[in-house]
Amino acid sequence: MTDIVRIATRRSPLALWQAEHVAGLLRRHHPGLEVELVKMVTQGDRILDAPLAKVGGKGLFVKELEQGLLDGRADLAVHSMKDVPVELPPGLHIGAVLAREDPRDALVSLNFPDLEALPPDARVGTSSLRRQCQLRQRFPGWRIASLRGNVGTRLDKLAAGGFDAIVLAAAGLVRLGEEGRITQWLDPDLCLPAIGQGAIGIECRRDDARIHELIAPLHHADTAVCVAAERALNARLQGGCQVPIAGFAVLEGGRLWLRGRVGRPDGTLLLKAETEGAPSAAEALGTGLAETLLARGADAILRAVYG
């Protein structure tokens, strides 16, 4: 039996950090194991001049990695769970989910101490329709513009003066050692996180018993339960990864609490719902919450977004 594990990863600094993190955990749990990174460029990395919603969503960030698993070039792929589509190719699945980093969004600004200090017509950068619909409801005068690229590119665009502030996932800043750039951590009550935000998932072949055994110690059951509820919500809403859908679950007192939101990108309508139940019913809770949002009009909002 080979003692080499090949990890498929994108080449962005954050993706490489995540892959190296998984490699380090594998080596720690399995001394002597050899781990190699198989670095790939995805279509989502190549197309930087258009909003993701217009070019196929965040699934563009995982397709090449999945092909690497299917054709045997790699044994596992490491993803940010918020980038992983609802449906995976036949033969592949998420074999492990790591403990979640802080799932909140973060405001980064060079001149303003918090959201309330920004001017009424502030120019704010974000690549997310989810953030856009929630922030525009609270601050309807903001001029929100698309902001693509890796974390460093986005920070450079802010420094160049293109924006009064930008909003991005705090987890990426923390993992890259840029936590000090954060101006304000955004409370989920204001900006509910994306499905799976802050969690790292390991995708692998369903029939690869060797990999399942190796990654088992990396699995964090509590995070996996929360992400399962969030992904079930997204699945019933038939949401892609770049839609104005938010979903965030937490475990408290032995119960699973799940909140979901669907909104118009212009912020004129934001549907909210929440539920709670046993962790063993995670997927049913997600599906049920989606039904509640659909009954309130979420389907019409999403149809309009998809055009």
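A: The account below begins with the sheet, moves to its helices, and then turns to the other parts of the chain.

The model is predicted, so local features are considered only at pLDDT of at least 70 and side-chain atom pairs only at pLDDT 80 or more, whereas totals for chains, interfaces and linings use all residues. Residues are numbered from 1 along each chain as its sequence is written, and side-chain values use heavy atoms, with hydrogens and water left out.

Five strands make up an open sheet in the order β2-β1-β3-β10-β4, with mixed pairing; helices (H or I, at least four residues) and strands (E, at least two) are DSSP runs numbered from the N terminus, and two strands pair if DSSP finds at least two bridges between them. The edges are taken by β2 and β4, each of which has a single partner strand, so one side of each is left without a neighbour in the sheet. From one strand to the next the twist averages 35°; axes are lines fitted to C-alpha atoms, for helices over the stretch in contact, and angles run from 0 to 180 degrees between N-to-C directions.

Seven bridges join β1 and β2 in the parallel sense, and I7 stands opposite L37 in β2. By contrast, β4 and β10 pair in the antiparallel sense over five bridges, and I94 has E203 as its bridge partner in β10. Five of the seven residues of β1 are buried, so this strand is largely enclosed by the rest of the structure; buried means under 20% relative accessible area, exposed over 50%, and partly exposed in between (1.4 Å probe, protein chains only).

Helix α1 (residues 13–29) lies across β1, β2, β3 and β10, and runs at about 160° to β1. Helix α4, for its part, lies across β1, β2, β3, β4 and β10, running at about 160° to β3. Within α4 (residues 63–70), the buried residues are L65, E66, G68 and L69. They cover an arc of only 155° around the axis, which puts them on the same side of α4, the arc being that of the directions from the helix axis to the C-beta atoms. An α-helix has 3.6 residues a turn, so residues three or four places apart point the same way. The buried residues of α4 pack against β1 (4–10), β2 (34–40), β3 (76–80), β4 (92–97) and β10 (200–205), where contact means heavy atoms within 4.5 Å. Just after α4, G72 takes a positive phi of about 85°.

Strands β5 (residues 105–108) and β8 (residues 165–169) run antiparallel and are joined by four bridges, with L168 in β8 as the bridge partner of A106.

A nonpolar core is a set of buried Ala, Val, Leu, Ile, Met, Phe, Trp, Tyr and Cys residues joined through side-chain atoms within 4.5 Å. The largest has 22 residues, and those with the most contacts inside it are L233, L237, L256, V262, L293 and A298. Two or more residues each are given to this core by α9 (221–236), β11 (245–252), β12 (255–263), β13 (270–277), α10 (282–295) and α11 (298–306), and the largest share, six residues, comes from α10. Apart from this core lies another, of 20 residues, among them I7, V22, L25 and A96.
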